[in-house]
Amino acid sequence: MAMNYNAKEEVDGPQVAAGSSHSGGGGGGAGGGGAALKSRKPDNTAFKQQRLPAWQPILTAGTVLPAFFVIGLIFIPIGIGIFVTSNNIREYEIDYTGTEPGSPCNKCLNVSWNSTPCHCVINFTLDQPFESNVFMYYGLSNFYQNHRRYVKSRDDSQLNGNNNSLFNPSKECEPYRTSEDKPIAPCGAIANSMFNDTLTLYHFDPNGTHLIPLTKKGIAWWTDKYVKFRNPVGDDNNLTVLFRGTAKPVNWPKPVYMLDSDPDNNGFINEDFIVWMRTAALPTFRKLYRLIERKDSLLPTLPAGKYSLDITYNYPVHSFDGRKRMILSTISWMGGKNPFLGIAYITVGSICFFLGVVLLIIHHKYGNRNNSADIPN
């Protein structure tokens with residue numbers, strides 16, 4: 001601000017001097033010309049002259065040291081509690097990609113979108129029981145759902161049940177907008193690459209083999225299920241009629257109106273489809289596949305013992321060096337297993353507490369030196 005004002009004075013100075021050098025009748029003209037010049041000096045206000053009241057904290061030992069100790073004493077217990085809670089969550093993971101020669105799913109490694117589904121079984125043992133409700137996830141690695149063109153390749157208006165968009169999808173869906181001169185429903189690269197492996201869980205006990213019941217409803221967000229995704233409407237509620245004149249996505253084995261026999265979980269409101277359409281931010285991610293609900297409060301949901309995972313291997317990942325996983329997990333009040341937040345709290349609290357101790361020692365040793373020094377006369 002000061003530099004601009006001085007620069008103005010330097011520029012205006014020679015003009016005034018030049019005006020004053022003209023004597024006599026020219027003096028009046030110079031005076032008139034000087035008055036006509038518009039001043040660039042900021043208005044004399046508190047804001048433009050930087051006279052607004054301000055608060056500038058003065059950092060002293062009496063304010064900094066307590067702040068460090070308080071942050072440390074608060075963050076460390078919180079971090080320990082979050083870390084312990086995370087560690088108490090049961091989690092079991094199986095990689096069934098089949099890249100290893102000895103894997104039961106190695107025979108399915110080169111499966112493609114249009115090939116016959118491959119079948120493999122993986123046996124495993126749970127050393128500890130899963131007490132509460134169990135969440136079954138599928139996980140993918142090296143799959144970049146966050147790519148800009150991939151994320152944009154969808155038509156939200158079509159997914160919301162708009163009849164015009166159903167037959168005239170957005171151009172953002174290219175090259176998965178039409179197929180055989182018919183509009184694709186649902187269009188876009190996200191829908192076209194929907195995960196389609198089938199996972200079934202069995203438990204072995206002395207009485208035989210038991211199928212673990214898997215709940216396929218309630219896995220999507222409520223707002224997605226009842227607000228963002230809607231089936232098209234018409235005089236007939238038959239989805240086969242409503243989707244007549246559209247084509248299935250290129251990589252799908254069947255059209256969208258045949259995803260489920262349950263009308264409340266079919267078409268655009270199919271929850272497996274809705275879960276997939278919520279794109280992940282990182283290339284390694286997991287998505288909720290099924291729920292295993294606890295039936296008896298006195299018995300664990302999944303007791304310790306031997307299990308088998310029956311896999312219908314449809315989804316190809318070998319072409320992009322991806323990997324597939326099945327994850328069984330319980331949850332807590334803070335969600336799934338994630339030790340990072342607890343470690344972060346403990347780390348920040350420990351650093352603050354350590355800095356507080358170091359600064360306290362420095363202040364105790366050197367803080368009074370200036371006060372006790374003798375000032376010579």
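Which cysteine forms a disulfide with Cys 173, and how far apart are their sulfur atoms? Cys 173 pairs with Cys 187, with the sulfur atoms 2.1 Å apart. This is a predicted model: local features need pLDDT of at least 70, side-chain atom pairs count only at pLDDT 80 or more, and totals for chains, interfaces and linings use all residues. Residues are numbered from 1 along each chain as its sequence is written, and side-chain values use heavy atoms, without hydrogens and water.

**Disulfides: overview**

- A disulfide here is a pair of cysteine sulfur atoms within 2.5 Å.
- By this rule there are three disulfides.
- Counting bonded cysteines along the chain, the pattern is 1-4, 2-3, 5-6.
- Buried means under 20% relative accessible area, exposed over 50%, and partly exposed in between (1.4 Å probe, protein chains only).
- Helices (H or I, at least four residues) and strands (E, at least two) are DSSP runs, numbered from the N terminus.

**Cys 105 and Cys 120**

- The sulfur atoms of Cys 105 and Cys 120 lie 2.1 Å apart in a disulfide.
- This link is right-handed, with 75° about the S-S bond.
- Cys 105 sits in the loop between β1 (91-95) and β2, and Cys 120 in strand β2, so the pair ties together parts 15 residues apart in sequence.
- Cys 105 counts as buried because its relative accessibility is 0%.
- Cys 120 is buried too, at 2%.

**Cys 108 and Cys 118**

- Cys 108 is joined to Cys 118 by a disulfide, S to S 1.9 Å.
- The torsion about the S-S bond is about -65°, so this disulfide is left-handed.
- Cys 108 lies in the loop between β1 and β2 and Cys 118 in strand β2, so the bond ties together parts ten residues apart in sequence.
- Cys 108 is buried at 1% relative accessibility.
- Cys 118 is buried at 15%.

**Cys 173 and Cys 187**

- Cys 173 and Cys 187 form a disulfide.
- Cys 173 is in the loop between α6 (163-167) and β4 (178-179), and Cys 187 in the loop between β5 (182-183) and α7 (189-192), so the pair ties together parts 14 residues apart in sequence.
- Cys 173 is buried, with a relative accessible area of 0%.
- Cys 187 is buried at 2%.

**The sheet**

- Four strands form an open sheet in the order β2-β9-β6-β7, with antiparallel pairing.
- Its edge strands, β2 (118-126) and β7 (208-211), each pair on one side only.
- Two strands pair if DSSP finds at least two bridges between them.
- β2 and β9 (residues 305-313) pair in the antiparallel sense over nine bridges.
- Cys 118 stands opposite Tyr 313 in β9.
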